[in-house]
Amino acid sequence: GEGHVLDMRMNSPDINGDREVNLSDIPPFAEDFYGSYAYRSDFVWDGVVNLSDLAELARALTTACP
């Protein structure tokens with residue numbers, strides 16, 4: 001049979017990938033908030049980086065991956 005491709009995307013408030021959501025994730029988020037659209041900061045997956053995404057980033061601050 002034909003193979004199927006699963007188009008899967010993920011993003012995390014840990015934008016810089018250091019396994020912690022902290023103040024170092026704010027500058028790249030600000031770039032995306034004020035710049036052109038960037039999926040990495042669209043945490044509510046609505047096609048725009050806006051205050052809803054900022055709320056998700058704020059909610060995740062201080063969380064860490066073990």
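In helix α2, which spans residues 51–60, the buried residues are D53, L57 and A60, where buried means under 20% relative accessible area, exposed over 50% and partly exposed in between, computed with a 1.4 Å probe on protein chains only. Viewed down the axis of α2, these buried residues fall within an arc of 65°, so they line one face of the helix; the arc is that of the directions from the helix axis to the C-beta atoms. Helices here are DSSP runs of H or I with at least four residues, numbered from the N terminus. The model is a predicted one, in which local features need pLDDT of at least 70 and side-chain atom pairs count only at pLDDT 80 or more, while totals for chains, interfaces and linings use all residues. Residues are numbered from 1 along each chain as its sequence is written, and side-chain values use heavy atoms, with hydrogens and water left out.

On the other side of α2, L51 and R59 are exposed. At the N-terminal end, α2 is capped by N50, a side-chain oxygen of which lies 3.1 Å from the backbone nitrogen of S52. The residue T62, which follows α2, has a positive phi, near 75°.

The buried residues of α2 pack against α1, residues 26–34, with contact taken as heavy atoms within 4.5 Å. Between the two helices, I26, F29 and F33 of α1 meet L51, D53, L54 and L57 of α2. The axes of α1 and α2, which are lines fitted to C-alpha atoms over the stretch in contact, come within 11 Å and cross at roughly 170°, on a scale of 0 to 180 degrees between N-to-C directions. This crossing makes α1 roughly antiparallel to α2, a term that applies to angles over 145 degrees.

Leaving aside residues up to four places away in sequence, V21 touches P13, D14, L57, A60, L61, T62 and T63.

R19, in the segment before α1, has a phi near 70° and counts as partly exposed at 46% relative accessibility. W45, in the loop between α1 and α2, has a positive phi of about 50° although it is not a glycine, and W45 is exposed, with a relative accessible area of 58%.

Methods. A polar contact is a pair of N or O atoms within 3.5 Å; within protein, one must be able to donate a hydrogen and the other to accept it, and residues adjacent in sequence count only if both atoms are side-chain atoms. Angles under 35 degrees count as roughly parallel, over 145 as roughly antiparallel, 65 to 115 as roughly perpendicular and the rest as oblique.
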